[in-house]
Amino acid sequence: MSQLELVNATVRFGALVALNGVSLQAQGPAKLGLIGPNGAGKTTLLSALTGFVSLSEGQVLLDGEDITALDVQGRVKRGVMRSFQTARLLEDESVRTNVLLGCNPIPGPGSFRQLFGTIGYRRWNKKAQERADEVEDLFGISDIRDARVSELPSAQRRFVELARVLVSEPKILLLDEPAAGLDHGERRQLEEVLHRIADDYSTLLILVEHDVMVVRNVCEQIFVLAEGSLLSQGPTDQVLSEPAVVDAYFGGAAHA
Amino acid sequence: MIRNSRLALLFVPLGLIVLAGAPVMLNRYWLFLVTTLFAYVIALVGLKVLFGDAGQLSLGQAAFVGIGAYTAAIVTDTLALTLPYEILVVALVSALIAAVIAIPALRVSGLRFALVTLAFGELFQWFLRDSKGLTGGEQGLFVPPMLMGPIPGKSPLTLYIVAAIGAIFFSILAWHLPKTKVGRAMSAIRESQLAAESVGVSVWRTKLFAFIFAAVSAGIGGMLLAHTSGSISPTSFGLFSGVYLLVAIILGGSRSTLGAWIGAVYLVIVPALFTTVGLDGVYVLFSGAVLLIVIMLFPAGIAGVLQQFVATRRSNKRSKRREVTA
């Protein structure tokens, strides 16, 4: 069980108010969606939860504990991880190296013991390799594990990044537009993997996504953000049919 | 990794044969040069980790070579420490000074980091020239031979063997490092600080580790240089030496341990070859031209070119095999 909560959160960038007193509570394991039109503050909200952006006002609570003051690293240590809209990968390195980088939060021997390859570190490394095997299988990238990342098509790069955030088995996983740049078939594959992440790893999955189809197919509950405020929340189908949501999300065109 | 191990398979046995044969075949002068080469390999391996792996451009590596050299000279002279203790003290002093410098230096990155390391180098020069009682000022110091009990520390062969062991030891560490957790954290810092943070890498601690590793390897390299040459003075560890070390690792290939060896050859052996054939003046021209060509055409350095060559041949072979089976 994990619970991530935002209490009355406001984020300002100079004069711009990106988030305006948003409160929401996410409880997992579950698959939650966060949708809204461009510039609604979705990515800001995700960054605020993961520590990449600090709140101007308000609090972030993890399992009831105030983590507002914790930096990114501190939150990663507690199992809160994110992915990025454009995959941030080690371009020169192999798929496997990129996935292993994701093992960083798994506690293990210190740098000098790693340098001299002590038995403790070897044990850690073996475990890391096994976990990497497992997530590479899950994403269907096992056969390209030695390929250099810069040579991969965008869908596979996306899966490499997701494998990297998943390999340390975080309690809470926030994904920023994971379906961006994927074709129809790849989106279906992504949906299937997201279901398995939430179910097999009992993760609280929070999806920021533009593609309503993906959200509908994956998320049980959604939050709708518009102009920095929470417009609506609840079961996916119910919320998606609310006139205010339709209006905010699809604009006047939906009514026409 | 795979590309590297193929190349290592080629170079390691070859290298070992050369290493064992060298003392028999080389005269005193060349044995001295090769020993110097090993010392530079150690210093460059540290720069490979700091600059090549972690992406931190340091102009202060020569100062750390100097710290090792002066520490070695002082502790063998005044405390008469035997080699194992000397190594320990040199490593500790280098690491401690690095940790202190790291407090201001690692707060910044990129060009500003380079400038802080440059300032440190200048400060060190000033200290060397000003503290006559300890460092001998401009004149520098004579360096007593290594103290190794019954083994003659002054003999060129002993120096050669100790330096070779050191160079191999540090090379193995640097070769192994990128495969470890902290090695991957370094790559992440170099390529994308955001990615590094998102997987919980402590940027400060990882940089500190790279900085200390570089300082210790520079210190040990400097210690060996001091014993090999027998005397040291401030000019050997100034800004120019720092720039030369950086040039050498970029030329050799900053992402590969082999690059440190190639860089050391460029620093030590190539100028000596020019001197041997009586073309001292041409060396500067030659090294400038080579540097220009490598930077323009081969950003991964000479080691990168070799690795690319091996990789291409391998993939050619593979595709040929595929044609045969098809």
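1. Start with the two domains of chain A. In this predicted model, the C-alpha centres of domain 1 and domain 2 of chain A lie 26 Å apart. Domain 1 of chain A is written in two pieces, 1-79 + 170-256. Domain 2 of chain A covers 89-168. Follow the numbering along the chain to see how these ranges are placed.

2. Next, the contact between them. How many residues does each domain bring to the contact? Domain 1 of chain A gives eleven residues, and domain 2 of chain A gives ten.

3. Now look at the domain 1 side. Two elements of chain A each give two or more residues to the side that touches domain 2: α2 (72-77) and α7 (184-200). Which element gives the most to this side? The answer is α7(A), with four residues.

4. Sort that side by residue class. On the side of domain 1 of chain A that touches domain 2 of chain A, seven residues are nonpolar. Three are charged, and one is polar.

5. Turn to a sheet in chain A. This sheet is open and has four strands. Trace them in the order β2-β1-β4-β5. The pairing is antiparallel.

6. Which strands form the edges of this sheet? They are β2 (16-28) and β5 (65-66) of chain A. Each of these edge strands pairs on one side only.

7. Strand β4 (residues 57-62) of chain A is joined to β5(A) by two bridges. These two strands run antiparallel.

Conventions
Residues numbered from 1 in each chain as written. Chains lettered and ligands numbered in written order. Predicted model: local features only at pLDDT ≥ 70, side-chain atom pairs only at ≥ 80, totals over all residues. Domains from an automatic or database assignment. Contact = placed C-beta atoms within 7 Å. Nonpolar A, V, L, I, M, F, W, Y, C, P; charged D, E, K, R; others polar. Pairing = 2+ DSSP bridges.
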